[in-house]
Amino acid sequence: MHVAVIGGGIGGLCAAIGLQRHGAEVEVFERSAVLAPVGAGLSLFGNGLAALDAIGLGPRFRDLTDPHGAVTTGGQRRPDGTWLARLGPGLLPDLRVIHRADLHELLVSALEPGTLHLGSTCAAVPGGGRELDMADAGGKRRQRYDLVVAADGIRSSTRAGWPGDPGLRYSGYSAWRGVTRGPVDLGGEAGETWGRGLRFGMAPLVDGRVYWFAVATMPADAVVDDEFAEVRRLFGRWHDPIPRLLDGTDPAAVVRHPIHDLAKPLPTFRRGRTLLLGDAAHAMTPDLGQGGGQAMEDAATLAALLAPVARNQDPDLDAALVRYDSLRRKRTQPMARAARAVGRVAQLGFGPAVVLRDTAMRITPASAMAGRIRAVQRWEPPTP
Ligand SMILES: Cc1cc2nc3c(=O)[nH]c(=O)nc-3n(C[C@H](O)[C@H](O)[C@H](O)COP(=O)(O)OP(=O)(O)OC[C@H]3O[C@@H](n4cnc5c(N)ncnc54)[C@H](O)[C@@H]3O)c2cc1C
């Protein structure tokens with residue numbers, strides 16, 4: 001079975017690794033000439049780990065991360081540092097945080113040599129056939145495969161030609177992300193701080209550096225002269241260690257992204273022999289920290305379902321693709337809805353609504369909150 005994967009992001013690379021494990025012949029086409037992931041961290045919950053286990057990368061990923069790092073308390077705080085919801089060691093979610101550059105290095109190193117073609121811009125030929133239009137240094141050409149997997153991200157050009165593509169919608173908020181230059185002591189505490197239309201999150205990496213993000217309600221096309229100065233203006237007086245984290249970050253390495261998701265769920269992730277995977281299929285806001293984890297689940301699901309086809313034990317590729325579509329829509333579309341709902345609450349800006357939200361959080365038992373996080377993390381790959 002010869003598979004083309006469009007996009008060398010988390011989803012595309014995991015799909016290629018998973019399919020190659022079962023003997024599929026896979027090529028990954030990435031439009032960037034160099035892989036340069038955003039200089040930020042990525043949180044991965046238990047379900048993402050289960051997906052990495054399923055494609056054989058769990059042990060290497062665990063070696064690069066720490067369960068909870070030095071964190072003994074997580075949850076949500078107010079800008080003055082008082083806790084709204086506090087999870088102690090026994091209730092903390094199964095969470096690991098990795099620098100995106102380290103994750104990409106791990107994924108690329110797990111591919112068979114010659115799999116990844118950089119500087120190749122592709123689009124699946126509309127209509128759900130098995131063909132791919134490709135443009136690279138060698139010129140333009142059309143190639144035929146048994147299956148085309150479009151993992152080309154939130155602005156997928158393959159999805160743009162899909163029936164029922166709802167397009168993207170802006171969440172109303174944008175996020176800055178950064179990683180400190182060196183280790184910063186968090187005193188065992190991490191998580192998020194919720195203000196009015198403002199949010200700050202922090203999590204330690206395995207080497208003690210800290211990944212942080214800052215979210216503000218603003219227009220998608222807001223022009224900010226100095227991004228880092230704006231983060232300092234909005235969050236610089238919040239509780240310790242937020243000012244220390246900002247002091248310890250290289251301003252030039254801080255990036256802002258407007259947060260979008262898919263305006264509506266797609267009616268299908270499959271069209272003939274073309275599949276959508278990862279953000280291309282179900283771009284969600286990052287409020288549950290699940291976009292990457294869901295792309296990994298997609299990849300592990302596809303690999304599990306196609307294993308008998310790749311090994312020539314089952315000729316019914318199309319039946320496996322139908323099942324992928326059904327399983328992954330059921331899992332990811334409610335998740336995208338939930339992520340957006342969490343974002344809406346977290347970004348509340350109207351005073352009385354914020355007071356109500358904060359009161360509700362204070363009186364919700366920590367075990368109930370932990371139970372909800374655990375439910376999201378519960379996932380295992382399907383059996384073919
Ligand atoms: C602020 C923020 C914070 C986040 N935090 C988390 C988190 O903590 N945990 C988590 O799990 N997720 C998080 N996410 C979500 C996560 O980053 C995405 O869900 C994940 O990267 C999606 O992976 P992907 O492979 O589908 O797409 P991408 O990573 O976008 O990869 C798509 C790739 O396709 C390439 N490409 C695009 N078009 C073409 C083409 N025509 N031809 C060839 N190549 C092409 C692109 O160059 C890119 O390399 C966050 C997102 C944001 C914005």
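Visitor: At about what angle to β5 does helix α12 run?
Guide: This is a predicted model, in which local features need pLDDT of at least 70 and side-chain atom pairs count only at pLDDT 80 or more, while totals for chains, interfaces and linings use all residues. Residues are numbered from 1 along each chain as its sequence is written, and side-chain values use heavy atoms, with hydrogens and water left out. Helices (H or I, at least four residues) and strands (E, at least two) are DSSP runs numbered from the N terminus, contact means heavy atoms within 4.5 Å, and angles, from 0 to 180 degrees, are taken between N-to-C directions of axes fitted to C-alpha atoms, for helices over the stretch in contact. Helix α12 (residues 366-377) lies across β4 (74-77) and β5, and its angle to β5 is about 65°.

Visitor: Which residue of β5 is the bridge partner of Q76?
Guide: Strands β4 and β5 pair in the antiparallel sense over four bridges, where pairing requires at least two bridges found by DSSP. Their hairpin has five residues between the strands, and there G81 takes a positive phi near 100°. Within β5, the partner of Q76 is A85.

Visitor: Which strands form the edges of the open sheet of seven strands?
Guide: The sheet has mixed pairing and the order β5-β4-β13-β14-β15-β12-β16. Inside that order, β4 runs parallel to β13 (residues 191-194) over two bridges, whereas β12 (residues 168-179) and β15 (residues 210-217) are antiparallel and joined by seven bridges. Two strands each pair on one side only, and these edge strands are β5 (83-87) and β16 (255-262).

Visitor: What percentage of the ligand's own accessible area does the protein cover?
Guide: Among the polar contacts (pairs of N or O atoms within 3.5 Å), a polar side-chain atom of E30 lies 2.6 Å from a ligand oxygen. Of the 1,000 Å² of accessible area (Shrake-Rupley, 1.4 Å probe) that the ligand has on its own, the protein covers 85%.

Terms used
Polar contact = N/O pair within 3.5 Å; in protein donor to acceptor, adjacent residues only side chain to side chain.
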